[in-house]
Amino acid sequence: MSRTKRITLGITAGALALGAGLGATGMASAATTPSPSATSSTSTDSSAPTDGFRGHKGDRGQIAADLATKLGVAQTKVSDAIQAFREANKPTAAPTEGTRPDRTAQDAAMAKSLATALGVDEAKVAAALTEIRTAEQAERAAALKTKLDTAVKDGTLTQTEADAVTKAVEKGVIGGGGH
């Protein structure tokens, strides 16, 4: 592959990763919040997400609304339960380079916590969380496909390059991964 094509692919993949990664990273971190740095403020930040899903459908409160609907519980009660879970499960140290938290354990802990706080069956909460995450991942995949199809049509990328970007996102190499 020529140097120009590699540079173009790298820049395009980076831009796509940034767009797809912002939502995917939030989903991947679900209930985790990065540790505050020494320079961060300890005051309440009204722009901080109040749920475990950053960027969910572009609205931080959407996960609480979706869960409230699926579980038949008031949205404020769900928001409060999610916030309590996040506060209780803040990481004490930054993750080690190249490692990821155990997603299955995080999901199980979140479902158990929310079920207890909301008085709802844990299996029902777990199923609702899985359903919401699956729908969000499908939306991100469709948006990425649309962008890549447009880039191929416009001649910005070849179909092979677009397929490589898709595979890299699905495998978690760029953009936060497909899980």
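**Helix 4 and its neighbours**

Mentor: Let's begin with helix 4. Its buried residues are Arg103, Gln106, Met110, Ala111, Leu114, Ala115 and Leu118.
Trainee: How many residues does helix 4 have, and what does it reach?
Mentor: Helix 4 covers residues 103-118, which is 16 residues. From first C-alpha to last it reaches 22 Å, close to the 22 Å expected at 1.5 Å a residue.
Trainee: What caps its N-terminal end?
Mentor: Asp102 does. A side-chain oxygen of Asp102 lies 3.2 Å from the backbone nitrogen of Thr104.
Trainee: And what follows helix 4?
Mentor: Gly119, with a positive phi near 70°.

Trainee: Let me back up. What is this model, and how confident is it?
Mentor: It is a predicted model. The average pLDDT for the protein is 75, and 64% of the residues score at least 70.
Trainee: Where does pLDDT stay under 50?
Mentor: Over residues 20-58. The model has 84 contacts beyond four places in sequence for that stretch.
Trainee: How many helices and strands are there?
Mentor: The protein has 6 helices and 0 strands. From the N terminus, the order reads α-α-α-α-α-α.
Trainee: What share of the residues is buried?
Mentor: Of 179 residues, 35% count as buried. The protein exposes about 10500 Å², and carbon and sulfur atoms supply 57% of that.
Trainee: What about contacts along the chain?
Mentor: Take contacts between residues at least 6 apart in sequence. Of these, 65% join residues at least 24 apart.

Trainee: Which ones are buried?
Mentor: In helix 2 they are Ile63, Ala64, Ala65, Asp66, Leu67, Ala68 and Leu71.
Trainee: What do they pack against?
Mentor: Three helices: helix 3 (75-88), helix 4 and helix 5 (122-154).
Trainee: And after helix 2?
Mentor: Gly72 follows, and its phi is positive, near 70°.
Trainee: I clicked on Thr69. Buried or exposed?
Mentor: Thr69 lies in helix 2. At 66% relative accessibility, Thr69 counts as exposed. The cut-off for exposed is over 50%.
Trainee: What does its side chain reach?
Mentor: The side chain of Thr69 reaches the backbone oxygen of Ala65 at 3.0 Å. There is also a pair across the chain to look at. Thr69 and Ala128 are 59 residues apart along the chain, and their C-alpha atoms are separated by 9.6 Å.

Trainee: What about Phe85? Buried or exposed?
Mentor: Phe85 is buried, with a relative accessible area of 4%. Its place is in helix 3.
Trainee: How far is Phe85 from Ser113?
Mentor: They are 28 residues apart in sequence. C-alpha to C-alpha, Phe85 and Ser113 are 6.6 Å apart in space.

Trainee: Last one. Which residues of helix 6 are buried?
Mentor: Glu161, Ala162, Val165, Ala168 and Val169. Seen down the axis of helix 6, they fall within an arc of 125°, so they line one face.
Trainee: And the face turned away?
Mentor: In helix 6 that face carries the exposed residues Thr160, Lys167 and Glu170.
Trainee: What does helix 6 reach, end to end?
Mentor: Helix 6 has 12 residues, 159-170, and reaches 16 Å from first C-alpha to last. That is close to the 16 Å expected at 1.5 Å a residue.
Trainee: Which glycine follows helix 6?
Mentor: Gly172, whose phi is positive, near 85°.

Key. Residues are numbered from 1 along each chain as its sequence is written. This is a predicted model: local features need pLDDT of at least 70, side-chain atom pairs count only at pLDDT 80 or more; totals for chains, interfaces and linings use all residues. Side-chain values use heavy atoms; hydrogens and water are left out. pLDDT is the predictor's confidence in each residue, from 0 to 100. Contact means heavy atoms within 4.5 Å. Helices (H or I, at least four residues) and strands (E, at least two) are DSSP runs, numbered from the N terminus. Buried means under 20% relative accessible area, exposed over 50%, partly exposed in between (1.4 Å probe, protein chains only). Accessible areas come from the Shrake-Rupley method with a 1.4 Å probe; for residues, only the protein chains shown count as cover. The expected span of a helix is 1.5 Å times one less than its number of residues. A polar contact is a pair of N or O atoms within 3.5 Å; within protein, one must be able to donate a hydrogen and the other to accept it, and residues adjacent in sequence count only if both atoms are side-chain atoms. The arc is that of the directions from the helix axis to the C-beta atoms.
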